[in-house]
Amino acid sequence: MNKYKKIFLDGVIFSNPTFVLVLGTCPTLGLISSAMSAMSMGLCIIVILTLSNVLISAMRKVIPNEVRIPCYIVLIATLVTLLRMVLEKFLPDIYSALGGFLALIVVNCIILGRAEAFANKHTVPEAAMDGLANGIGFTLALTCMGIVCEVLGSGSLFGAKLWDFSIALFAQPAGSFIIFGLSIALFTKVMDSVTGNARSKRQAEEARRALEARRGTAAKEA
Amino acid sequence: MSAKSFFQSTAFKCIVVLLSIVLLCSVFLTICNALFYVSDDERLNRALSELYDGESVTTELAPGADALGNGEEVGRAVILAARTVTSDNHAGDWLIQVKGLDGYNGGTVTCWVVIETQENAVAGVGAVSISSNEGQSYIGRITQDFLNGFSENFTGEDYPDGMVSSGASYSSTAIRNAVNGALDYVGNALEESGEAEHE
């Protein structure tokens, strides 16, 4: 498999930062009560994660191992501050909707985790792909959960009213926590059945080949 | 440790790299700050556009507003700026920039509030728009319906404690304080100007 395709699939599905690694839980619980806020946060994470991975990968040979974490934090904080300035200037609605969670991206463990686990060991294009893939995985997870929470908690979808029925619990972090847990369970179940099916097919194929090989050997002996 | 060995050590390299990164980032952010700075005029225009649905509205400093300085505390709010609308179709409206206190974790919410006046008395709340906040993580949960409620539920009295937005009760308390502060400020200003005219 092409290595970029593998990095992409790992980030989006097999090592999804929200459902598999369970990273970035703070903004997840805080923002998924609204689909729009969840998606906006996801898009911000894509930008920051990709840029931070690129920067850290490009500087990996310059930064001494002893001070790598402070250096990463400074670089990530700079990018987040820049993003806040840009959003406040050009997208003030999103800036105010994300509130304090925007500044908290600095300490988001997905960003620091990918910098430490991937970006400082790989080339710039690979690190960029990893940042992009993990950001997309995070955005998809948050948006899906945001849609469920908003529909159940507010009876609306991306701010458009669907019906008057709503369950107030799902507009609160407690409801978000329940949806988060159920989503992880569902994702794990689906992944298990998909990878389980693939494993079963592989085993059946191996058994068939072994049988054919045995038959071949038996025919030769006969 | 000799000076030479210090300059060749890993510790020195760490300090140099870290300081260089900090310095470069600082310079970069300084340039970005100059590029993306949002001026007070721009904030005012954004607020006017939101409060009057994109309608072109002109304003001027309200009487006595130049004395506000760093703000004047009214109840649980701080009045930051006061302007009066000069456009014919909205003449008599007061535009108040006010910081509401007692938000989540002691934070604040700064709002623009339009106060409608008639015959030297407060006639209602025209509109409320959030300008900025300090430490209000759930400010995104304040709905437009909640903000519209200030216009719809005006009774001439202060808004009661029960007026809160679900999921962001502390932030909505700060907004309610801001609107009450704006109402009190304009009421007092109109009273003073009425007395002055009377004399």
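Colleague: In chain B, what share of the contacts with a separation of 6 or more comes from residues 24 or more positions apart?

Modeller: The share is 59%. Two residues are in contact if their C-beta atoms, placed from the backbone, lie within 7 Å. The model is predicted, with local features needing pLDDT of at least 70 and side-chain atom pairs pLDDT 80 or more, whereas totals for chains, interfaces and linings use all residues. Residues count from 1 along each chain as its sequence is written, while chains are lettered from A and ligands numbered from 1 in the order in which they are written. For chain A, residues 24 or more positions apart make up 76% of the contacts with a separation of 6 or more.

Colleague: What makes up the secondary structure of chain A, by number of helices and strands?

Modeller: Chain A has 8 helices and 2 strands, in the order α-α-α-α-α-α-α-β-β-α.

Colleague: What makes N105(B) exposed or buried?

Modeller: The count of other C-beta atoms within 10 Å decides: 20 or more is buried, 12 or fewer is exposed, and in between is partly exposed, with C-beta atoms placed from the backbone. N105(B) has 10 such neighbours, so it counts as exposed. N105(B) sits in the loop between β4 (94-100) and β5 of chain B and has a positive phi of about 55° although it is not a glycine. Most residues other than glycine have a negative phi.

Colleague: Why is V22(A) called partly exposed?

Modeller: V22(A) has 13 other C-beta atoms within 10 Å, so it is partly exposed. V22(A) lies in the loop between α1 and α2 (25-31) of chain A, and its phi is near 50°, a positive value. Over whole chains, buried residues make up 39% of the 222 in chain A and 34% of the 199 in chain B.

Colleague: How do you know that β5 and β6 of chain B pair?

Modeller: Pairing requires at least two bridges found by DSSP. β5(B) (108-118) and β6(B) (121-134) are joined by 11 bridges, so they pair, and they run antiparallel. V114(B) stands opposite A127(B) in β6(B). The two strands form a hairpin with 2 residues between them, and E119(B) in the turn has a positive phi of about 45°.

Colleague: What makes a set of residues a nonpolar core?

Modeller: The set consists of buried Ala, Val, Leu, Ile, Met, Phe, Trp, Tyr and Cys residues joined through C-beta atoms within 7 Å. The largest such core has 53 residues, and A38(A), M41(A) and I45(A) are among those with the most contacts inside it. α7(A) gives the most to this core, with 12 residues. Apart from it lies another core, of 42 residues, including W112(B) and I115(B). As for I45(A), its contacts beyond four places in sequence are I105(A), I110(A), G135(A), F138(A) and T139(A).

Colleague: How many residues of each chain are in contact between chain A and chain B?

Modeller: 30 residues of chain A are in contact with 26 of chain B. α4(A) gives the most to the chain A side, with 11 residues. By class, that side has 17 nonpolar, 10 polar and 3 charged residues. Here Ala, Val, Leu, Ile, Met, Phe, Trp, Tyr, Cys and Pro are nonpolar, Asp, Glu, Lys and Arg are charged, and the others, Gly among them, are polar.

Colleague: Which residues of chain A does C32(B) touch?

Modeller: C32(B) touches L82(A) and M85(A). C32(B) is in helix α2 (residues 10-36) of chain B. With 16 other C-beta atoms within 10 Å, C32(B) is partly exposed.

Note on methods. Helix = DSSP H or I, 4+ residues; strand = E, 2+ residues; numbered from the N terminus.
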